[in-house]
Amino acid sequence: MVGNADLFVNWSRKSSLWYLLFATACCGIELMQAGASRYDMDRFGAVFRATPRQADLMLVAGTITHKMASRVKRLYDQMPEPKYVISMGSCANTGGPFYKDSYCVVKGVDLIIPVDVYIPGCPPRPEALIDGIMKLQKIIMQKKNFGAKA
Amino acid sequence: MEAQALFDMLKGKFGDAVVELQEEGFTPAFVVVAPASVKEISRFLRDDPALSFDSLMCLSGVDYKEKFAVAYHLHSMEHRHAIGVKAFLPRETPSLPTVDDVWPAANFHEREAFDLFGIVFEGSKDLRRILLPEDWEGHPLRKDYKYPDFYRGIKV
């Protein structure tokens, strides 16, 4: 019985991954492409929302500078639970081309907020982004919501 | 107008405030001026009908290790000629008059030079950091800049 309830909740969560319309660099162009008609992320239930208060998923698409870091944290804090984060592209993963000798770029968005899925690439193609979303859906399907807490 | 003729014209008008002409390796050539008289020379370059440099294409800061410099690239839409103006500043007190009332476009460039080099433009209408956060310490494009270890608890 509990297993079926988990299955239902997880299924509905993974089928409506509304993501925050938020991009800081060129990965955002690939994100728009993936959301538009050719790659059509709508078929996975992933549509963009213009406010963090309606979003389940934050796609960190692009370079995060130290000036931007506090804004990213604030946007993440404004999202309702349960919330997920996908780090898209080399800059958000590790700092990418700015890893060495940059005073202004945060070396990985996981220094600020917890990340569920990392997508490599500079920038990743829309296929890679869709693969990342499907990986996140697999993670969501494994969650236990009603069992005894460990 | 040729660079040499322009230099002679400025030299005749401003005397010792115009130091030298750097033609070798520069396109357009640079006229080196004393920092204190940058504003008068800029206004003359803009208003004189034979020159009418109405466009400030770029204003940049330079770090030569022992001194700083501010370089102005000027262009005239009317006469289709261009010239560079350069002012050298001492490393300890890098400051010179602003030109944002001559060319309003100078303001963002001056803020950038202030942000990254710490060059102070006296009399500027709005001299704040433009790229870095307002509580950032130091000026990162200086050659002797030391990276901070942390900024607001995040490793740099």
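Analyst: Between chain B and chain A the number of salt bridges is 0. The model is a predicted one, and the count of polar contacts across this interface takes in pairs with both residues at pLDDT 80 or more; 1 residue pair qualifies. On the side of chain B that touches chain A, the residues fall into 12 nonpolar and 2 charged, with no polar residue.

The extent of the interface can be given in residues and in area. Chain B contributes 14 residues in contact, and these meet 12 residues of chain A. Together the two chains bury about 1,000 Å², and carbon and sulfur atoms account for 69% of that area.

The pocket can be described separately. The largest pocket holds about 150 Å³ of space. Its lining consists of Tyr19(A), Leu21(A), Phe22(A), Ala23(A), Gly28(A), Leu31(A), Met32(A), Gly35(A), Ala36(A) and Phe48(A). Helix H2 of chain A, residues 27-35, gives the largest share of this lining, with 4 residues. By class, the lining of the largest pocket has 8 nonpolar residues, 2 polar residues and no charged residue.

To return to the interface, the side of chain B facing chain A does include charged residues, 2 of them, yet the salt-bridge count between the two chains is 0.

Key. Residues numbered from 1 in each chain as written. Chains lettered and ligands numbered in written order. Predicted model: local features only at pLDDT ≥ 70, side-chain atom pairs only at ≥ 80, totals over all residues. Heavy atoms only, no water. Contact = heavy atoms within 4.5 Å. Buried area = accessible area lost by both parts, 1.4 Å probe. Salt bridge = Lys/Arg side-chain N within 4 Å of Asp/Glu carboxyl O. Polar contact = N/O pair within 3.5 Å; in protein donor to acceptor, adjacent residues only side chain to side chain. Nonpolar A, V, L, I, M, F, W, Y, C, P; charged D, E, K, R; others polar. 1 Å grid on protein atoms, 1.4 Å probe; cavity = no way out; pocket = protein on both sides within 12 Å on 5 of 7 lines; lining within 4 Å. Points joined across faces, edges and corners; volume = space filled by probe spheres on them. Helix = DSSP H or I, 4+ residues; strand = E, 2+ residues; numbered from the N terminus.
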